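Good morning, colleagues. Please look at the structure on the screen while I go through a few of its side-chain pairings.

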Amino acid sequence: MIQKYWRLFRGENLLITALTLFLLQEFLIRQLLLSVGLDFSVSNLNRCLFIVSILFIIAAGNCINDCMDVIADAINRKNNRVIGVSISKQKGVRLYYSLS
């Protein structure tokens, strides 16, 4: 059951995005601000909320993309579809609205 949502939201891409955002904040943005004398005073909670909110938006985008491309995916991705096979299109649209 979890695997179908992992595939729908493209979980590997979400993990890579989360790691990239964290590393950019920690090693690029923070260092740049400190080098010009500005304080990077963002709490860990705010950083996590920022990353999680972006991940929700990306997951919603992946979901609505699959919902709108059901016909094209039936031709191009016969063995790798989630919407229309494991999850109905209506439930996919509901997930989109819930995540965004």
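The side chains of Arg47 and Gln25 are joined by a polar contact of 3.3 Å; a polar contact here is a pair of N or O atoms within 3.5 Å, where within protein one must be able to donate a hydrogen and the other to accept it, and residues adjacent in sequence count only if both atoms are side-chain atoms. This is a predicted model, in which local features need pLDDT of at least 70 and side-chain atom pairs count only at pLDDT 80 or more, whereas totals for chains, interfaces and linings use all residues. Residues are numbered from 1 along each chain as its sequence is written, and side-chain values use heavy atoms, with hydrogens and water left out.

Arg47 belongs to helix 3, residues 44-68 (helices are DSSP runs of H or I, at least four residues, numbered from the N terminus). Arg47 is buried, at a relative accessible area of 10% (buried means under 20%, exposed over 50%, partly exposed in between, with a 1.4 Å probe and protein chains only).

Arg47 also forms a salt bridge with Glu26, 2.8 Å from N to O; the term denotes a side-chain nitrogen of Lys or Arg within 4 Å of a carboxyl oxygen of Asp or Glu. This pair links Glu26 in helix 2 with Arg47 in helix 3, 21 residues apart. Through shared partners, salt bridges join Glu26, Arg30 and Arg47 into one network. Arg30 is partly exposed, with a relative accessible area of 30%, while Glu26 is buried, at 16%.

Which side chain meets that of Arg10 in a salt bridge? The partner is Asp66, at 2.9 Å from N to O. Arg10 lies in the loop between helix 1 and helix 2 and Asp66 in helix 3, so the pair ties together parts 56 residues apart in sequence.

Note on methods:
Helix = DSSP H or I, 4+ residues; strand = E, 2+ residues; numbered from the N terminus.
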